[in-house]
Amino acid sequence: MNLFGFCNLSIVPCRREPSDKSEMTTQLLFGEHFEILEEHKSWVYVNSAIDGYKSWIDRKQYLPISKETFTQLSKEAYSRTSDMVGIITETTGDISFPITIGSIIQGKEFAIENKKYSYQGSINSPGVKPKRSKIVEDSFTYMNTPYLWGGRTPFGIDCSGFVQMIYSLNGIKLPRDASEQVEQGESLDFPEEAKPGDVAFFDNEDGAIVHVGIVLPDMQIIHSSGKVHIDRLDHLGIFSEERKIYTHNLRILKTMF
């Protein structure tokens with residue numbers, strides 16, 4: 001088929017099935033590109049070049065691009081925006097619209113096919129060595145963000161989307177889902193070995209990985225459950241001071257860099 005696309009809108013919902021009534025499984029942010037694997041009526045089935053996640057999106061919600069552009073975007077180092085919300089301008093049509101933190105741009109001025117864009121906000125430069133302090137700092141940016149299944153923005157985010165976005169802001173690629181994220185990194189033997197910026201994974205009664213969060217100093221964890229907030233972490237799991245119960249069972253701790 002060799003059809004390709006570029007997310008030219010702020011946020012595009014990605015669904016499990018080709019229907020507006022189907023659950024949202026993830027989101028595409030501005031600047032992310034993908035291959036189109038299948039078409040069905042007003043929907044296209046896409047494979048994200050960012051994390052390999054497959055989903056259905058509305059065919060009216062992307063910019064078609066050539067294979068050459070897709071290949072170039074896949075090769076180039078890119079930056080992610082670091083303002084909570086910034087304004088990007090499509091200068092060819094003199095249209096300005098908001099984009100959220102973590103959106104991808106190829107510089108302050110760039111072109112995609114026949115569209116030219118200008119962005120004057122803050123960006124994270126590619127190639128910068130990740131720092132634990134920066135991961136912790138960026139995680140606080142999402143504090144109080146409401147939990148949203150499939151969300152990847154400060155207006156709604158799920159647990160694995162939160163970890164993926166924090167790490168992407170620091171130049172580290174992680175898969176979309178916690179069950180895949182757990183396959184990366186190096187395992188730690190004891191919770192006391194964990195350093196700020198490490199990642200903790202939690203399982204259910206069947207042993208399936210169902211939750212993930214980022215370790216903070218003093219054996220605390222920041223995670224998206226109801227909202228992005230901070231709880232206590234120990235060898236058993238996450239303890240909620242507010243509810244006075246363990247809410248998640250610790251499975252494994254990993255360092256990702």
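Reader: What makes β12 and β13 a pair?

Author: A pair needs at least two bridges found by DSSP between two strands. β12 and strand β13 (residues 115-119) have four bridges, in the antiparallel sense. That meets the cut-off, so they pair. Within this pairing, I112 stands opposite K115 in β13. The model is predicted: local features need pLDDT of at least 70, side-chain atom pairs count only at pLDDT 80 or more, and totals for chains, interfaces and linings use all residues. Residues are numbered from 1 along each chain as its sequence is written, and side-chain values use heavy atoms, with hydrogens and water left out.

Reader: Which strands form the open sheet, and in what order?

Author: Four strands form it, in the order β10-β9-β13-β12, with antiparallel pairing. Strands here are DSSP runs (E, at least two residues), helices are runs of H or I (at least four residues), and both are numbered from the N terminus.

Reader: What makes the nonpolar core a core, and which residues touch the most other members?

Author: A nonpolar core is a set of buried Ala, Val, Leu, Ile, Met, Phe, Trp, Tyr and Cys residues joined through side-chain atoms within 4.5 Å. Buried means under 20% relative accessible area (1.4 Å probe, protein chains only). The largest such core has 26 residues, and Y142, F162, V163 and Y167 touch the most other members. α2 (132-141), α3, β18 (199-203) and β19 each supply at least two residues. The largest share, seven residues, comes from α3.

Reader: How do you know how the lining of the largest pocket divides by class?

Author: Ala, Val, Leu, Ile, Met, Phe, Trp, Tyr, Cys and Pro count as nonpolar, Asp, Glu, Lys and Arg as charged, and the others, Gly among them, as polar. On that rule the lining of the largest pocket has eight nonpolar, eight polar and six charged residues. In the second largest pocket, the lining has seven nonpolar, five polar and four charged residues.

Notes: Buried < 20%, exposed > 50% of the residue type's maximum accessible area, 1.4 Å probe, protein only.
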